[in-house]
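The tour moves from selection to selection.

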Amino acid sequence: MRFGANIMKYRVGVIGLGNIAAMYAKPGDPRPYCHVGGICLSEQLKLEAVCDLSAEARQKFLGTWGETFPGLACYGSIGELFENHELDIVAVCVRGPHHFSVTSEVIQHSPKAIFLEKPPSCSLKEMDGMMDAAIARNIPIMVDYSRHWSHKVLRMQELVADGLIGEVKTVVAWCGGTFLSFASHTTDLICQFAGYCPTSVTAHGTFPESPNVPEGFEPEPSLDNMVIQFENGVTGLQVGSQGPFGSFYCEVFGTNGFIRTGIYTDVHAANAKGEALKLEKLQIPAEESVFKVAYEQMANFLDGGPLPHCTNQDFMSVNEVGFAGIESVLTGNTVSLPNSNRTRKIFANG
Ligand SMILES: NC(=O)c1ccc[n+]([C@@H]2O[C@H](COP(=O)([O-])OP(=O)(O)OC[C@H]3O[C@@H](n4cnc5c(N)ncnc54)[C@H](O)[C@@H]3O)[C@@H](O)[C@H]2O)c1
């Protein structure tokens, strides 16, 4: 229970103390782009304990963040973390090939929720296995397509859902890089406006010239372009490069207008005649740390609110699209969802 000023904060544990957990920002950054930076800005959360297998990573982490979290427990294994703490939210911030084993271990300890870094899995079989185990224990898994939680993108999502540009017909988005490890941020952005109901995918991509891939894995191609069809009739187009307005942004075309939005791109909105809408009228809030916003959606859910974004079925849809894109590159065919090949194992090491 939570009581007014003496708020009982949700206890968060972070596994893996590298870039995205802690090192992409420093204490005092106004909008930290990392897990612990978002956690420390939220009144609803308390960073209870962290762990990393590497003594060097632990030392570096404590050197940077130790003063911000005095007395923080820091361990060298997941076992010790759970032996000593009961955690409400656990963030899995290890690299993709470790997501399945680490998340499966975390599920065994029944936290209330898991915040898993993208890409969620290296195969769809891994995703299915994790989700079966999590659902059996009623643990939601939210995947960190972090740019999703930009305040302006969330506000535009809300306005578009409320009919600002009529019925959505087409979403075009820009971002290159590997299908699962990188371009998936923007695949999620397309779904954010098109709906999380993809039905088929056609894609082109490029494989690395000399892939360095461990045994049992296949290399991860980069996205050149991808067409996604949605159950509601919307078409999504992902362009595998920067666009005229940068990267990680989309343009959404509706029956009654058009918008452009993305975390690093100014919002633009126009009516069906192409006349710009006044931005003041759209009431776009100032940006905050996307990690703070995401964690607070999770905290609000634990308070009895709605399921956070990018959770369960939603991230599974994005992941299905990524794997279908790779399948389409390899076969030259349009791939219907859900993918029939669930065992292809990609070295998604982002
Ligand atoms: N959302 C984003 O914008 C974004 C940006 C960068 C990275 N990422 C994702 O975050 C994840 C981590 O990437 P990174 O660049 O921070 O990696 P990193 O290599 O910097 O850090 C990973 C850490 O995990 C530790 N680790 C590995 N196995 C462990 C285990 N079993 N138990 C405890 N610790 C373990 C390693 O020692 C290492 O310190 C990847 O999935 C990546 O795709 C997301």
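The stops below cover the sheet, one of its strands and the ligand.

This is a predicted model, in which local features need pLDDT of at least 70, side-chain atom pairs count only at pLDDT 80 or more, and totals for chains, interfaces and linings use all residues. Residues are numbered from 1 along each chain as its sequence is written.

Select the strands (DSSP runs of E, at least two residues, numbered from the N terminus). Six of them form an open sheet, ordered 3-2-1-4-5-6, with parallel pairing (two strands pair if DSSP finds at least two bridges between them). Strand 3 (73-75) and strand 6 (141-144) are at the edges with a single partner strand each, so one side of each has no neighbour in the sheet.

Next, select strand 5 (113-117). Five of its five residues are buried, so strand 5 is largely enclosed by the rest of the structure (buried: 20 or more other C-beta atoms within 10 Å of the residue's own, with C-beta atoms placed from the backbone). Ala-113, Phe-115 and Glu-117 lie on one side, Ile-114 and Leu-116 on the other. In a regular strand the side chains alternate between the two faces of the sheet.

Now centre on Leu-116, which stands opposite Val-92 and also opposite Val-143 in strand 6. Strand 5 pairs in the parallel sense over four bridges with strand 4, and likewise over four bridges with strand 6.

Finally, select the ligand. Its surroundings comprise 25 residues, the closest being Gly-16, Gly-18, Asn-19, Ala-57 and Gly-350 (near: C-beta atom, placed from the backbone, within 6 Å).

Notes. Two residues are in contact if their C-beta atoms, placed from the backbone, lie within 7 Å. Axes are lines fitted to C-alpha atoms, for helices over the stretch in contact, and angles run from 0 to 180 degrees between N-to-C directions. A residue is buried if 20 or more other C-beta atoms lie within 10 Å of its own, exposed if 12 or fewer, and partly exposed in between; C-beta atoms are placed from the backbone.
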